[in-house]
Amino acid sequence: MEYQTKFEYEDDEKPKVRVKIKTVLGKERTLLLKPNESIKFIRTIIQREFFIMSEQQCLIYEGIILEDGKTIKDYKMENGSVINLIVT
């Protein structure tokens, strides 16, 4: 079963990227984010949506562990990109 959450912003002039967060158990959330959003911001959303503390999250995109100081744009994520969430 897919759950979908959209995070809208007042600044609609910026292009948005639709990114899917997927857990090992198969739960999913789709986020609508600005390309300059940080990985740390995504961790905050995950904490709120999945109730998993930021420190317990391991985020993986295309085999790479995501770093807090980087952005969606740094990892060249596009619409439909999938971030895998592993709880440590």
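Glu62 counts as exposed because its relative accessibility is 64%, where buried means under 20% relative accessible area, exposed over 50%, and partly exposed in between (1.4 Å probe, protein chains only). Glu62 sits in the loop between strand 3 (57-61) and strand 4 (64-65), and its phi is positive, at about 50°, although Glu62 is not a glycine. The model is predicted, so that local features need pLDDT of at least 70 and side-chain atom pairs count only at pLDDT 80 or more, while totals for chains, interfaces and linings use all residues. Residues are numbered from 1 along each chain as its sequence is written, and side-chain values use heavy atoms, with hydrogens and water left out.

The loop between strand 4 and strand 5 (81-87) holds Lys76, a residue other than glycine whose phi is likewise positive, near 55°. Asn79 is found in the loop between strand 4 and strand 5 as well. The accessibilities of these loop residues are set out below.

| Residue | Relative accessibility | Class |
|---|---|---|
| Glu62 | 64% | exposed |
| Lys76 | 65% | exposed |
| Asn79 | 58% | exposed |

Asn79 and Arg18 are 61 residues apart in sequence, yet their C-alpha atoms are 4.6 Å apart in space. The side chain of Asn79 reaches the backbone nitrogen of Arg18 at 2.7 Å, a polar contact being a pair of N or O atoms within 3.5 Å, of which, within protein, one must be able to donate a hydrogen and the other to accept it, and residues adjacent in sequence count only if both atoms are side-chain atoms. Not counting residues up to four places away in sequence, Asn79 touches Lys16, Val17 and Arg18, with contact meaning heavy atoms within 4.5 Å.

The strands themselves (DSSP runs of E, at least two residues, numbered from the N terminus) form an open sheet of 5 strands in the order 2-1-5-3-4, with mixed pairing. Strand 2 (28-33) and strand 4 are the edge strands, each pairing on one side only; two strands pair if DSSP finds at least two bridges between them. Strand 3 and strand 5 run antiparallel and are joined by 4 bridges.

Gln57 belongs to strand 3 and has Val87 of strand 5 as its bridge partner. Gln57 counts as buried because its relative accessibility is 5%. Its side chain reaches the backbone oxygen of Ile52 at 2.9 Å. Leaving aside neighbours within four places in sequence, the contacts of Gln57 include Arg43, Ile46, Gln47, Leu85 and Ile86.
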